[in-house]
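Open the model in your viewer and keep the selection tool at hand. Each stop below says what to select and what is there.

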2 protein chains.
Amino acid sequence: MKKNVLVLLPVEARHKEKLEAAGAGCCFVYSDPDTVTEEQIRAANIILGLPKADMLKASENLEWLQLASAGTDPYIVPGVLHPKTLLTNATGAYSKAVAEHAFALTLMLTKKLHLYRDEQRSRRWSDHGAVSSLSDSTVAVVGLGDIGRAYARLVKAMGAYVIGVKRRGGNCPEYADELVLTQDLDSVLPRADVVMSILPNTAATRYIYTDRSFDGMKDSAVFINCGRGNAVSAEVLYRALSAHKIAAAGVDVTEEEPLPADSPLWGLENLVITPHISGGFHLPETFERIVDIAAGNLAAFLAGGELRSVVDFTTGYAR
Amino acid sequence: MKKNVLVLLPVEARHKEKLEAAGAGCCFVYSDPDTVTEEQIRAANIILGLPKADMLKASENLEWLQLASAGTDPYIVPGVLHPKTLLTNATGAYSKAVAEHAFALTLMLTKKLHLYRDEQRSRRWSDHGAVSSLSDSTVAVVGLGDIGRAYARLVKAMGAYVIGVKRRGGNCPEYADELVLTQDLDSVLPRADVVMSILPNTAATRYIYTDRSFDGMKDSAVFINCGRGNAVSAEVLYRALSAHKIAAAGVDVTEEEPLPADSPLWGLENLVITPHISGGFHLPETFERIVDIAAGNLAAFLAGGELRSVVDFTTGYAR
């Protein structure tokens, strides 16, 4: 029987061609998460994209869901997907976009460009003193998925000493100078000039940074979070920055998103906030990569082969 | 006869040790540009640092002036130094500091972090759309002195295609993909996604960027100037940015410095201004490098050897 493939991605003609070549013989329906109907979802054997989780209703027809995101949170909640539905994510597609965004935030903060931007608005030609160089810095990269690895390569190319922090041990890869287990995070934080956190949202990473974490950091340290906002609560982050326990932070994610207009975080001079835009499709290459991943997996699925980035429901990570 | 060495640098004990070891047998006097007396200047055979040009009065006693800057403008004006006085600059000392600052500005603008900083002040969680990656960009580095070279290496490490623009031809070095002569600058500008200008202040570079230069650039281009402010007049820069002939600019230098509070440049959303702080002693390593250059040249001078970075008065460059 022909498989029904529901594509919920903003595809152009050349993307359709690529997908339909990979899924020859399938019946393709194109829509988007906002206008797709429950009937279309129910009829689909395969979905490519990001359907609203509450529309999936554990459909028995759905054999495979290919996400367009790296994050999997809404889909691993019991009852969203049927137990036999295969889930794959788009790990890898966002590595360049998010790593470069985190890198840009790191340089902005270490060179104090956020303070100069503020001065500019007051028309003040005013010197903010010493800056640091990544070439003299120790950078802890907390989370060594594809984004963490890409970021590690960028800071290492500028001469940083890189400490990779990951769940499981192993040999030290070429993009790090040292590997430490996540369980020993507290021993790494006091050594770091930059802490870049790129953890997914799991039970183990929720609120992993506490008041004590920031107490232990250098007062000159810069903290970057481009993973998930709930790695640190808004209160903990606010206390650390307002008390100058660290020098500055840059976050693309916050505990609550959008960050409420009355959050005291907005007003912190030493915090730079971007509205969860490091990923998405803001870098054109990201979407091309997602279509490539989806097409590759579609061909493999139809041929009964192995799929890339199958999500383990117990951890939320690709296996 | 003992040489009188006047040191106008903010030295600490270890720097004094280094200089006095290099200048064994000399008579050292330590002061700073603001409190040094005319008598001390007149008595000096050697000055290390940045005396005020109008205090030098072409002193006949002054055999050698080692600048702490790369720029030489005030000292090559006729009548400031005696014709027999040797002038050396600190080319090389600032390369890391300035190149990294220019690199940070480049990333800030290409990732739109200046716009997100502005939004933050209005407590707005607001998406500014597509960004670009240096890995898909052509970067023109205009001026291939030590700073230009260091910047070229940084952008090349991120995957940029680098066009080096310099006065004289030669083989294409490893940090560039292509070399073009400064006289052909107009042919390069339309191809560049990023134009990074790091030219010294000479008759040939003054107002080198005109309305026509910006007319020829991509409307998505980013312009960076960390060289001298008069490479582009405030009016030309304002016209280019307010008419969105290019996407954005980041400048550490302006035609008039400090930039007057009533300059319309301050108010441009698509311009980031830093107050000529990329060099100076803002990166601690810079000052260490300057002391090393001064100590090395002092030993060479006393031994009758060749000095590093002797300035050619006709060009203002180190020979």
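**Stop 1: two helices of chain B**

Helices α1(B) and α10(B) run roughly parallel to each other, because their angle is under 35 degrees. This is a predicted model. Select residues 13-22 of chain B for α1 and residues 284-302 of chain B for α10. The two helices pack at an angle of about 15 degrees, and their axes lie 8 Å apart. Look at the handedness next: α1(B) passes α10(B) in a right-handed crossing.

Now show side chains. From α1(B), pick B:Arg14, B:His15, B:Lys18, B:Leu19 and B:Ala22.

**Stop 2**

Select residues 95-110 of chain B, helix α4, and residues 146-157 of chain B, helix α6. Their axes are 8 Å apart, and the packing angle is about 45 degrees. That angle makes α4(B) oblique to α6(B). Here too the crossing is right-handed, as α4(B) passes α6(B).

Which residues make the contact? On α4(B), select B:Ser95, B:Val98, B:Ala99, B:Glu100, B:Ala102, B:Phe103 and B:Thr106. By class, the contact of α4(B) with α6(B) holds nine nonpolar, two polar and two charged residues.

**Stop 3: the backbone**

Most residues other than glycine have a negative phi, and most peptide bonds are trans.

Go to A:Glu257 and A:Pro258. A cis peptide bond joins A:Glu257 to A:Pro258, with omega at about -10 degrees. A:Pro258 sits in the loop between β11 (248-251) and β12 (271-273) of chain A.

Switch to chain B. B:Glu257 and B:Pro258 are joined by a cis peptide bond, and omega is about -10 degrees. The loop between β11 (248-251) and β12 (271-273) of chain B holds B:Pro258.

Then select A:Ser309. A:Ser309 is not a glycine, yet its phi is positive, about 60 degrees. Find A:Ser309 in the segment after α10 (284-302) of chain A.

**Stop 4: the two chains together**

Zoom out and show both chains. How many residues does each chain bring to the contact? Chain A gives 56 residues and chain B gives 56 residues. Between them, chain A and chain B bury about 4600 Å², with 62% of it on carbon and sulfur atoms. Highlight A:Arg117, A:Arg123 and A:Trp125: they supply 20% of the area that chain A buries against chain B, more than any other three residues.

Finish with the symmetry. What rotation superposes chain A on chain B? A rotation of 180 degrees does, with 0.0 Å of shift along its axis and an RMSD of 0.1 Å. This is the relation of a two-fold axis. The same surface serves both copies, as 100% of the contact residues of chain A recur in chain B.

Technical notes. Residues are numbered from 1 along each chain as its sequence is written. Chains are lettered from A and ligands numbered from 1 in the order in which they are written. This is a predicted model: local features need pLDDT of at least 70, side-chain atom pairs count only at pLDDT 80 or more; totals for chains, interfaces and linings use all residues. Side-chain values use heavy atoms; hydrogens and water are left out. Copies are superposed by least squares on the C-alpha atoms of residues with pLDDT of at least 70 in both. Contact means heavy atoms within 4.5 Å. Axes are lines fitted to C-alpha atoms, for helices over the stretch in contact, and angles run from 0 to 180 degrees between N-to-C directions. Helices (H or I, at least four residues) and strands (E, at least two) are DSSP runs, numbered from the N terminus. Angles under 35 degrees count as roughly parallel, over 145 as roughly antiparallel, 65 to 115 as roughly perpendicular and the rest as oblique. A crossing is left-handed if the near helix is turned anticlockwise from the far one by less than a right angle, and right-handed if clockwise. Buried area is the accessible area (1.4 Å probe) that two parts lose on being put together, summed over both. Ala, Val, Leu, Ile, Met, Phe, Trp, Tyr, Cys and Pro count as nonpolar, Asp, Glu, Lys and Arg as charged, and the others, Gly among them, as polar.
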